[in-house]
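User: I would like to go through how some labels for this model are assigned. Please set each value against its definition.

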Amino acid sequence: MIIKHREFPGYKQYSTTLGGRPLTLEVGKLAELANAAVLVKYGETTVLVTATASSRPRDGIDYFPLGVDFEEKIYSVGRIPGGYLRREGRPSERGILASRMIDRPMRPLFPHDLRNDVIISCTVMSVDYDNAPEIAAMIGASAAVSISDIPFNGPIAGVGLGYHDGKYLINPTSAERKVSDMYCTIAATEKKIVMIEAVGNQVPEDVMLNGIIAAHEAIKPVIALINQMVAEIGKPKFEYAKASFNEELFQKIVDKYLDDVRFCMDTDDKNIREERYNAVVAKMIEEFGEQYPEISAQLEEITYKIQKKVVKAWLLEGKRVDGRSMNEIRPLSAEVGVLPRVHGSGLFTRGQTQVLSIATLGTLSEAQNLDTIFEETSKRYMHHYNFPSFSTGEARPSRSASRREIGHGALAEKALEVVLPSIEEFPYAIRVVSEVLSSNGSTSQGSICGSTLALMDAGVPIKAPVAGISCGLISDGDSWTTFIDIQGVEDFHGEMDFKVAGTKTGITAIQMDLKNDGLTYDIIKNAFEITREARLQILDEVMLPVIAKPREELAPTAPKMISMKINPDKIREVIGSGGKVIQKIVADTGAKIDIEDDGSVFISSSDIEACRAAKKIIDSIVFVPEIGQLYYGKVVRIIPIGAFVELAPGKDGMVHISKLENRRVEKVEDVLKEGDMTWVKVTDIDDRGRVNLSRKDAIKERQADGLPIDQA
């Protein structure tokens with residue numbers, strides 16, 4: 001048998017520094033059958049990224065079939081997956097968000113008429129928490145597609161951005177992220193910004209804008225590195241079959257029906273617009289169907305192109321389909337307390353977009369446990385967004401949450417999480433569900449507004465109310481126009497959906513989606529300015545008049561909560577052998593009790609008196625008398641040399657006869673009898689834990705302070 005040593009003549013490494021740490025891209029050794037493969041090493045985070053394309057276009061589709069998979073391997077953090085099967089299953093929400101974060105900036109840079117399936121797989125193989133795997137995966141995805149034979153107008157690259165003590169942090173470490181006032185993921189080409197995903201602690205717009213500029217400068221060396229790879233090892237891009245489209249037919253339709261389409265589009269009612277347009281489509285098919293049989297197959301693209309032609313021309317002229325000015329928000333409405341029995345509810349309506357948000361409070365044990373490659377092991381605040389088919393007037397069965405629904409829920413979650421009170425201030429798990437009842441653009445921002453209302457209606461003491469609004473863009477060459485509060489048709493035919501949420505003080509979240517090749521700094525600055533003005537208007541004129549601050553009391557149906565802190569060494573006593581003690585407390589009081597390893601105790605019940613009763617029992621179990629402290633207790637036993645006084649249930653001490661009064665006492669019964677209440681002072685605790693008390697010292701201190709000596 002002859003064994004030959006396998007060599008990798010195409011193996012190469014490309015390195016640079018990013019955020020003060022080494023970034024290395026390796027090619028030519030792994031996954032050689034893919035169109036391209038790049039192993040990204042950033043610190044000790046390692047991600048294998050492959051790009052693969054089908055050899056033929058997919059038939060019968062009118063979109064580019066791009067798929068991005070962010071594969072979370074639990075071995076990457078040295079753990080075995082949970083669950084019965086002990087293997088990775090469906091991606092986590094954060095994994096889905098990472099996939100979307102890579103897809104969104106790259107998708108517009110592929111040819112719009114490419115119909116070959118393209119799959120980008122990002123397999124996370126090891127994770128160093130100081131170096132985010134999402135950033136490594138994004139860079140690897142761009143590099144892999146760029147050096148492959150897949151047509152692509154990149155490259156892009158991305159970084160994480162933090163801000164602390166007046167300084168911007170590029171790809172902040174784990175410790176830096178915990179103290180940072182914001183965390184943004186910025187993606188860009190060499191010249192333009194192509195994606196912004198941000199969460200901020202009420203960050204001013206100018207701080208955010210200057211941070212984006214700083215991030216872009218940090219991105220440029222990475223783009224230069226990828227361009228170097230393309231120059232040295234890049235493959236020629238393959239030719240692909242262009243999506244068929246009859247330009248002659250389209251021009252005839254434009255010549256004949258453009259004015260009719262203008263009439264169809266000239267309304268603020270989505271239903272009327274569709275009814276008018278369907279009638280025009282019927283005429284188109286009747287007139288051209290016999291001569292051009294392909295009209296039915298190409299109808300969707302014809303519709304898109306002719307409607308975009310109308311909408312773009314109007315927007316460049318400063319006209320909108322519903323007659324609004326460019327900085328005018330659709331009619332707004334807000335309500336709270338919409339639903340009985342739920343803990344809080346808020347209904348927010350903007351034009352034909354309507355969202356009902358419901359807030360639910362629970363014990364901290366109801367927080368979501370996470371089994372992912374990321375640092376977070378639990379989530380106290382959960383925001384879920386539902387987008388049923390009836391909200392757009394369509395008849396489709398409901399399925400599990402889509403990636404879009406998960407993304408919109410996460411955006412609202414980030415926007416509101418930064419204004420929530422701490423666990424110490426408000427020891428509850430919180431879930432908000434946003435039900436989209438009607439959709440005509442910007443439902444994610446409607447969810448943020450409705451959820452602020454629901455949280456305040458539930459009595460959650462948020463730091464400040466949050467509102468969200470979206471900004472659109474249309475451009476022609478170097479000229480461009482932004483407009484506020486985009487509705488569905490403007491989102492569909494426009495070039496940008498720039499969503500900004502925040503308080504009166506500053507930004508709490510951003511999500512930017514594009515259909516063009518990127519934004520200049522001037523466009524971003526303008527978007528910040530007009531969204532801030534709109535956000536303040538929504539808060540002052542619509543939301544705050546409905547509910548100016550969180551309710552003082554929780555809903556009657558909400559669980560009541562008492563928190564306390566005990567010595568961690570006492571946890572064993574509260575729980576008892578086999579849980580017998582804590583189970584008895586729960587059975588006797590009806591309260592639910594959660595105990596953390598640090599000694600934090602959270603007691604909950606629908607009845608506050610049950611919480612107080614449970615707390616009293618726990619106080620008695622963990623009670624430790626302090627030398628020098630005064631206590632008001634009950635005499636439980638008399639002996640010839642003194643009296644035993646109960647300081648807490650099951651905890652007593654002895655007052656020696658010589659410590660009863662400031663005079664000689666012949667018999668204890670001359671001063672105290674069983675059942676009497678008296679003040680005592682702890683004077684000593686011996687090695688066996690026995691507590692010595694003094695009644696005369698306690699009386700002396702009470703009298704000196706002018707306090708009664710015979711009552712609590």
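Analyst: The accessible surface of the chain comes to about 33300 Å², and 50% of this belongs to carbon and sulfur atoms. Such areas come from the Shrake-Rupley method with a 1.4 Å probe; for residues, only the protein chains shown count as cover. This is a predicted model, where local features need pLDDT of at least 70 and side-chain atom pairs pLDDT 80 or more, while totals for chains, interfaces and linings use all residues. Residues are numbered from 1 along each chain as its sequence is written, and side-chain values use heavy atoms, leaving out hydrogens and water.

User: Why is the pair of Tyr163 and Tyr168 called tilted?

Analyst: Rings of Phe, Tyr and Trp (its six-membered ring) pair if their centres lie within 6.5 Å; planes under 30 degrees apart are stacked, over 60 edge-to-face and the rest tilted. The centres of Tyr163 and Tyr168 are 4.9 Å apart and their planes are at 45 degrees, so the pair is tilted. Phe245 and Phe250 also form a tilted pair, at 5.7 Å and 55 degrees.

User: What makes Tyr163 buried and Tyr168 partly exposed?

Analyst: Buried means under 20% relative accessible area, exposed over 50%, partly exposed in between (1.4 Å probe, protein chains only). Tyr163 has 17%, so Tyr163 is buried; Tyr168 has 28%, so Tyr168 is partly exposed.

User: Why do Phe245 and Phe250 count as buried?

Analyst: Phe245 has a relative accessibility of 16%, so Phe245 counts as buried. Phe250 has 10%, so Phe250 counts as buried.
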